[in-house]
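Open the model in your viewer and keep the selection tool ready. This tour moves from one selection to the next.

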Amino acid sequence: MRFARVSGTVRQLLDMDGAPTGWLELRVALDTGSRVEQVRHERVATLAVPDGQDALAWQADQYTQETIGNELSLDGWEPLGVAPDDGDDRAAALIGSSPTYIVRQSTDPQ
């Protein structure tokens, strides 16, 4: 059994005048302890955010969960839960950051 951490960030893309475009730059990384692999880096649409949610952090979390459920699951990774909070809220204020998710991958042949 292998374990890893998955986290994602989004950054609001702006037009030439500095106004939001409705698009985000998404990055999702898988950290296995021995290496960090970028599993997703692309432009994605801004999602409608529920009231009371931090817009960028919520979107980063939604896209990170989507990546775990779609891309990483194809390689046998499955989510176990959210890692304990590291207490650094500064990054979430500048760029939307997801929680860090713990995932596992069976090393046994199917």
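Exposed here means over 50% relative accessible area, buried means under 20%, and partly exposed lies in between. The model is predicted.

Select Arg35. Its relative accessible area is 53%, so Arg35 counts as exposed. Glu37 is partly exposed, at 31% relative accessibility.

Move to Arg40. Is Arg40 buried or exposed? Arg40 is buried, at 9% relative accessibility. Show Glu42 next. Arg40 and Glu42 form a salt bridge, with their closest N and O atoms 2.8 Å apart. Glu42 is partly exposed at 34%.

Arg40 sits in strand β3 (residues 36-45) and Glu66 in helix α1, so the bridge ties together parts 26 residues apart in sequence. Glu66 is partly exposed, with a relative accessible area of 33%.

Select Arg11, Glu25 and Arg27. Salt bridges with shared partners join them into one network. The structure holds six salt bridges.

Now turn to the largest nonpolar core. It has 15 residues; Val6, Leu26, Leu30, Ile68, Leu72, Trp77 and Val103 touch the most other members. Colour β1 (2-14), β2 (20-31), α1 (55-69) and β6 (101-105): these elements each give two or more residues to this core. Which element gives the most? That is β2, with four residues.

Finish on Val6. Leaving out residues up to four places away in sequence, its contacts include Val28, Leu30, Ile68, Leu72, Pro99, Tyr101 and Val103.

Definitions and conventions:
Residues numbered from 1 in each chain as written. Predicted model: local features only at pLDDT ≥ 70, side-chain atom pairs only at ≥ 80, totals over all residues. Heavy atoms only, no water. Core = buried A, V, L, I, M, F, W, Y, C linked by side-chain atoms within 4.5 Å. Buried < 20%, exposed > 50% of the residue type's maximum accessible area, 1.4 Å probe, protein only. Contact = heavy atoms within 4.5 Å. Salt bridge = Lys/Arg side-chain N within 4 Å of Asp/Glu carboxyl O.
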